[in-house]
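Reader: I am new to this structure and would like to learn how its features are read, one after another. Could you take me through them slowly, giving the general idea before each case?

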Amino acid sequence: MKIHEYQAKEILKDYGVAVPDGVAADNVEDAVNAAKEMKDNGASLFVVKAMIHAGGRGKGRTKNSNAKGVILCKTIDEVKKAAQDLLGDTLVTIQTGEDGQKVNTIYVTDGVDIEEEYYLGILLDRGKSKNVIMVSTEGGVEIEKVAEETPEKIIKEWVEPGMDLQPNQARRLAFALGLEGDAFKKAVKFIMALYKCYEETDANLVEINPLVKTPTGDVMALDAKFTFDENAMFRQKEYADLRDESEENPIELEASKYGLNYIKLDGNVGCMVNGAGLAMATMDIIKLSGGDPANFLDVGGGANVDTVKNGFRIILEDQNVKAILINIFGGIVRCDRVANGVIEAIKDPEIAKKVENVPIIVRLQGTNAVEAKEIIDNSDLNVISAVLLKEAAEAVSEVMAD
């Protein structure tokens, strides 16, 4: 689950992680009042940021006002103008695509005087099955670009499972950033507090880009990207209300309400699979056979009539879908039951109308797979059965060619 920068910074403050003062606002008047209060507290510069769940805001532009997603303001009047330009407009960045995302909230923050910019990120290294902390002196730019062009500038420390981050590891990371004196000590404290926050909130990503050092030697998070592990949200109920459904893909949001794991892609072959690994393999084989997957859809371990029906509904929301491949492994559930569920789902009047001109290829393997194929073949429906995954993918390519 993603959250906004202003929400992330409130969590970070609770853990003693240094962040600039800031106030979120959904109207111009509140934005101006926030800036006035900051000015009374000594602020001389302000930054107004568009709050959307996408990166590249600083280089993005709004469709109507042509304003940047991050605006530096020297006066209260400039804050007012920035708020007017951003609120209600659509911000287009490298991550939103041409459609962009509507700006419903802005964040007015203290304009920090910056001496140096760094990068700091924490996530799970799946290859090593350990959390990894990464730092780089190349802050303020896309870390992917740094990793590709100058990977030696990214320094990493892995934390052993079941152990806390050790102070000597935090010191090595701060030293790698070239920090000295009070800034070094503050960076060590910052890194230790950030890792504690990452662990205790069940985050799966905390990214500070840029992490900045001020001329007075303070170290703070100028920006913050924070995502929660949704599988652990039952332990983090206090953060559930931070979810902003207006920022999520409507189809993906609907799928989550049915307990389906769905991610929209750019292709035209709808995929309905049980198990994330099998879903990835299915998409790979579709690509190798010349097709292009329209989605990732994992219906989970128990594929039944309801999950299949809901899977069809979600897939067919995408107008680009020209064929559907169902690939189910019958381990927890028998293949013949899945086959009957598929047939019953297709016969549903709502589904039947939508799949009238959409070829469906079904591949069922596992318990009672032979019986399942017979059920599909004898159904008198416009459904193609397959035994091998390659065979199923090739069938998709054939019907698409027709």
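Reader: Which residue lies over the face of W158?

Author: A charge is said to sit over a ring if NZ of Lys or CZ of Arg is within 6 Å of the ring centre and within 35 degrees of the ring normal. Here K128 lies over the face of W158, at 4.8 Å from the ring centre. Please keep in mind that this is a predicted model, in which local features need pLDDT of at least 70 and side-chain atom pairs count only at pLDDT 80 or more, while totals for chains, interfaces and linings use all residues. Residues are numbered from 1 along each chain as its sequence is written, and side-chain values use heavy atoms, with hydrogens and water left out.

Reader: Which residue stands opposite W158, and in which strands should I look?

Author: Strands (E, at least two residues) and helices (H or I, at least four) are DSSP runs numbered from the N terminus, and two strands pair if DSSP finds at least two bridges between them. W158 belongs to β10, and V132 stands opposite W158. The pairing of β9 with strand β10 (residues 154-159) is antiparallel and extends over six bridges.

Reader: Is strand β9 largely enclosed or open, and why?

Author: A residue counts as buried under 20% relative accessible area, as exposed over 50%, and as partly exposed in between, using a 1.4 Å probe and protein chains only. Of the seven residues of strand β9 (residues 130-136), six are buried, so the strand is largely enclosed by the rest of the structure. K130, by comparison with these limits, is partly exposed, with a relative accessible area of 22%.

Reader: With which residue does K130 form a salt bridge?

Author: A salt bridge is a side-chain nitrogen of Lys or Arg within 4 Å of a carboxyl oxygen of Asp or Glu, and by this rule the count comes to 18 salt bridges. K130 forms one with E160, where the closest N and O atoms are 2.7 Å apart. This pair links distant parts of the chain, since E160 lies in the loop between β10 and α5 (167-176), K130 lies in strand β9, and 30 residues separate them. E160 counts as partly exposed, at 38% relative accessibility.

Another pair that links distant parts of the chain is R313 in helix α9 (residues 305-315) with E350 in helix α11 (residues 349-354), 37 residues apart, whose side chains meet at 3.2 Å, N to O. K373 and D377 meet at 2.9 Å, N to O, and both lie in helix α12 (residues 369-377), four residues apart, about one turn of the helix. Salt bridges can also be linked in a network, as they are for E5, K9, K49, R57 and D223.

Reader: How many aromatic pairs are there, and what is the pair of Y6 and Y107 like?

Author: Rings of Phe, Tyr and Trp (its six-membered ring) pair if their centres lie within 6.5 Å, with planes under 30 degrees apart counted as stacked, over 60 as edge-to-face and the rest as tilted. By this rule the count comes to four aromatic pairs. The ring centres of Y6 and Y107 are 6.1 Å apart and their planes stand at 45°, so the pair is tilted. Y6 in helix α1 (residues 5-14) and Y107 in strand β7 (residues 106-110) are 101 residues apart, and their pair links distant parts of the chain. Y6 is partly exposed, at a relative accessible area of 21%, whereas Y107 is buried, at 2%. Elsewhere, ring pairs link F226, F228 and Y239 into a cluster.

Reader: In what order do the strands of the open sheet with β7 lie?

Author: The four strands of this open sheet have the order β1-β7-β2-β4, with antiparallel pairing. Its edge strands are β1 (22-25) and β4 (70-73), each of which pairs on one side only. Strand β2 (residues 46-50) pairs with β4 in the antiparallel sense over four bridges, and V47 has L72 in β4 as its bridge partner.
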